[in-house]
Amino acid sequence: MTTLFGLPLPAILGQLMLGLVNGSFYALLSLGLAVIFGLMGVVNFAHGAFYMLGAFAAYIGLQFLGVNYWCALILAPLAVGLLGIAVERLFLRHLYQLDPLYGLLLTFGIALIAEGIMRGLFGASGKSYPVPAVLQGGFNLGFMVLPIYRAWVVLVSLTVCGMTWFLIERTGLGAMLRAATENARLVQAFGINVPLLVMSTYGAGVALAALAGVLAAPVIQVSPLMGSSLVIVVFAVVVIGGMGSIVGAIVSGLVLGLIEGLTKVVYPEASNIVVFVIMAVVLVWRPTGLFGKE
Amino acid sequence: MRAAGEQVVIGDIDDLSGVYADVQGQGGIEAAKMAIADVGGTVLGKRIIVLSVDHQNKPDIGASKFREWADQNGLNMLIGGSNTGVSIAMSKVAAVKRVPFFAIGAGGASLTGADCTAYTVHYAYDTTALGNGTASAIVRQGGKTWFFVTADYAFGTQLQEAATRVVVANGGKVLGAVRAPLGTTDYSSFLLQAQASGAQVLGLANAGTDFSNSLKGANEFGLTKTMTPAALLAFISDIHSLTLQTAQGLYLTTAWYWDLNEETRAFAKRFFAKMHKEPTMTQAAYYSATLQYLNAVKAVGSTDSDLVMAHLKQAKINDMFTKNGYVRADGLMVHTMYVMQVKTPAESKYPWDYYKVIKVMTGEEADGLQPDPTCSLAKK
């Protein structure tokens, strides 16, 4: 058998493939965080909770309202995004004048409340969401069987990441958004409704988290705590990419997924800390992150 | 507040909000209250009250709350819920404060081994019994080669060791194992390694959402078609949330099942009316432990811990949880265990009709004939 670094090549290829799948989850989640931080300066600790709510919205839709997976892909992010807008309008807006720490504390509190409510309603062990019939089964790649659903996740995630990047970096709306971050008062003076812009940005960032939640629902148990462990890793991804950098979030999400995948072959016990080790190294070497501006 | 001596105080320290909250949680407290109601709410003319607190899976919280209740609230007996780590910390307090401690949700066999105390009763199940149940049933059916996916902490490793002993003793072989960090959500990498090993059996030495997510992944990656999945610890609440579609065919070991006989069904019916779900084996054990403690108090006519413990260690335990159970010198409650297989959706005829009995194990088959030699009490 062909080997690389003493490991069989098929095993490495398999893990790289899985790393790509996980990386695309990270990319989608860290993208939303990066958008919210980059354009609003808010450290959104409720991101994991919105991810969890997205998954639960899909579950509730399927069980009680007859909404299938395909509709949930659109409706769940929309519903959770609206919830995000309400949070911004009612609470977050009043904290922009203060230290970013207050926004962090507020969103952390919201995350705890959301988890508590969902635990009260659905229990701690969570719920099962079936893989849609069309996406069941797998491709035989020779070195592994790749479930069709996982390939679909990569496809959706990369498409959405690309579209978001294009919207922010290459369109008029994106230019307005970026201008509002640089100098809100000046942009306001041009007759642009900055508060509305900021509110929609938060809603969109939250909707991205919810979309990741819907994508995750068929592969992991939909449970109230599914977001709380993930959000820490995703924060590390954003820090490595450079806080607020869209490209940084996408690229580092994918790359860290791959590195984590390889760690699971070489030394599995370290797989949940490898991201943080890399974060520490990057922060020492480049305090603004790989793609951050000086 | 009434003086401590006028009431009998039973405490429950459990995970009420985390990943194990569905295993006992509020349902455990309810089950204990059912036992209290069944003895009429009083014992020796004293009112029985229940205290409960969430240990949040932190050993320091569990131990300090136990100490506080023993010092200030006149605690007479403590029930410990999930988490071996927390239960080991609490057993140290039981020894110092001389308060009977019924460990129910925790699996670690060391509670009646190296960590045993004169006041600990390990009531529902332990890692040794789980290994002897699931692993021996599968090896005897021809599942000779194993690969373990193990939760990377005390409970997971104790469970893997127990199962490995059984596999090897029955002529089987462990081809590999991978230790997944606690709380891992994506198991695909580990499952791929399991698949590559070519083993016949996929041993899941984990619990709660770790168990659910690893089994879900095994289904998705087609492992369940080529390997036999073996759950070393699964509760009916896990099977319910996974659904039969995902869990079907799975082997597991349990101390109790709601649909075993008339007595268990009668208890389950009462429980269901309050909690709207069927009780887990440990919730049933909460009921039984509370009842047996109160019966012991009645029998010796006192809440004196030493008298009660002496009575518990010589009496037989007979209730809806088990028949002819007994507490061994090391503190382990030896009782019948069941190896189950999860039904297919077609075999399941009514709600919560999830298990079929594969094998009934006597307490000695499950936990051996002799007390654990690493326990200091066993040597006397």
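This is a predicted model: local features need pLDDT of at least 70, side-chain atom pairs count only at pLDDT 80 or more; totals for chains, interfaces and linings use all residues.
A cavity here is a set of grid points where a 1.4 Å probe fits but cannot get out, and a lining residue is one with an atom within 4 Å of such a point.

Chain B first. It splits into domain 1, made of residues 4-125 plus 260-336, and domain 2, covering 128-254. Taken over C-alpha atoms, the centres of these two domains of chain B are 29 Å apart. The two do touch: 15 residues of domain 1 of chain B are in contact with 15 residues of domain 2 of chain B.

Now for the empty space. Rolling a probe the size of a water molecule over the atoms shows where such space is left. The largest cavity holds about 140 Å³. Its lining runs to 16 residues, and the ones nearest the centre are B:Tyr20, B:Gly105, B:Tyr125, B:Ala207 and B:Leu233.

Among the residues lining it are B:Ala234, B:Phe235 and B:Ile236, together with B:Thr254, B:Trp256, B:Tyr257 and B:Trp258. The rest of the lining of the second largest cavity consists of B:Pro279, B:Thr280, B:Met281 and B:Tyr355. This lining is made up of 9 nonpolar and 2 polar residues, with no charged ones. Here too both domains of chain B take part, as domain 1 and domain 2 each supply at least three residues to the lining of the second largest cavity.

Over in chain A, a pair of helices is worth a look. Two packed helices are described by the angle between their axes and the distance between the axes. Helix H5 of chain A (residues 148-170) packs on helix H6 of chain A (residues 172-182) at an angle of about 70 degrees, and their axes are 5 Å apart. Angles of 65 to 115 degrees count as roughly perpendicular, and H5(A) and H6(A) are therefore roughly perpendicular to each other. On the H5(A) side the contact is made by A:Leu167, A:Ile168 and A:Glu169, while H6(A) brings A:Leu173, A:Gly174, A:Ala175 and A:Arg178. Sorted by type, the residues of this H5(A)–H6(A) contact are 4 nonpolar, 1 polar and 2 charged.

Definitions and conventions
Residues are numbered from 1 along each chain as its sequence is written. Chains are lettered from A and ligands numbered from 1 in the order in which they are written. Side-chain values use heavy atoms; hydrogens and water are left out. On a 1 Å grid over the protein atoms alone, a cavity is a set of points where a 1.4 Å probe fits but cannot get out, and a pocket is an open set with protein on both sides within 12 Å along at least five of seven lines; lining residues have an atom within 4 Å of a point. Grid points are joined across faces, edges and corners, and a volume is the space filled by probe spheres set on the points. Ala, Val, Leu, Ile, Met, Phe, Trp, Tyr, Cys and Pro count as nonpolar, Asp, Glu, Lys and Arg as charged, and the others, Gly among them, as polar. Domain bounds come from an automatic or database domain assignment. Axes are lines fitted to C-alpha atoms, for helices over the stretch in contact, and angles run from 0 to 180 degrees between N-to-C directions. Helices (H or I, at least four residues) and strands (E, at least two) are DSSP runs, numbered from the N terminus. Angles under 35 degrees count as roughly parallel, over 145 as roughly antiparallel, 65 to 115 as roughly perpendicular and the rest as oblique. Contact means heavy atoms within 4.5 Å.
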